[in-house]
Amino acid sequence: MNNKKLIELAIEAKKNSYAKYSNFRVGASLLGESGQVYLGCNVENATYGATNCAERTAVFSGIASGEKKFTKVAIVSSSGEYTYPCGICRQVLFEFMGDDGIVILGDKEGNIKEHTIKELLPYGFKL
Ligand code: THU
């Protein structure tokens, strides 16, 4: 699956964002080793701390579907700017992507940027 297609799927996922409090809508698409893609959006809550980010929604959906490892994740947001995963999501992505995981970011002009998860989370925590 190429980066452009993954970004398109993240844009689709963003449409389901529940961002009642921040109005900041995020979509993610996550490619599993099986070739299956899992979508995620941010899901906010009146108790703000119960909010789940788009990236983690996608990871949890994939794991719940039986996927064990992911190779790429694409992220877009309503800001139209490149939106980097938060610290908690970086750690969760690292758990299931390993050092080689690719993080793809899209902006409103259709530009695409790519990083490894290791670049975004050097010395990630492992047990
Ligand atoms: N958000 C994400 O979905 N992913 C990130 O990596 C950064 C933040 C969401 C959480 C919240 O619903 C909104 O963006 C504002 O923080």
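**First stop: the ligand**

Select the ligand and Glu55: an oxygen atom of the ligand is 2.7 Å from an N or O atom in the Glu55 side chain. That makes it a polar contact, meaning a pair of N or O atoms within 3.5 Å. Keep in mind that this is a predicted model, where local features need pLDDT of at least 70, side-chain atom pairs count only at pLDDT 80 or more, and totals for chains, interfaces and linings use all residues. Residues are numbered from 1 along each chain as its sequence is written, and side-chain values use heavy atoms, with hydrogens and water left out.

Next, pick Asn42, where a side-chain N or O atom is 2.9 Å from a ligand oxygen. Then try Cys86: here a polar backbone atom is 2.9 Å from an oxygen atom of the ligand. On its own the ligand has 380 Å² of accessible area, and the protein covers 78% of it (Shrake-Rupley method, 1.4 Å probe).

**Last stop: the cysteines**

How many disulfides does the structure hold? It holds 0, a disulfide being a pair of cysteine sulfur atoms within 2.5 Å. Select Cys53: the nearest cysteine sulfur, in Cys89, is 3.8 Å away. Finally, click Cys89, whose sulfur is 3.7 Å from the closest cysteine sulfur, in Cys86, so it is too far for a bond.

Methods
Polar contact = N/O pair within 3.5 Å; in protein donor to acceptor, adjacent residues only side chain to side chain.
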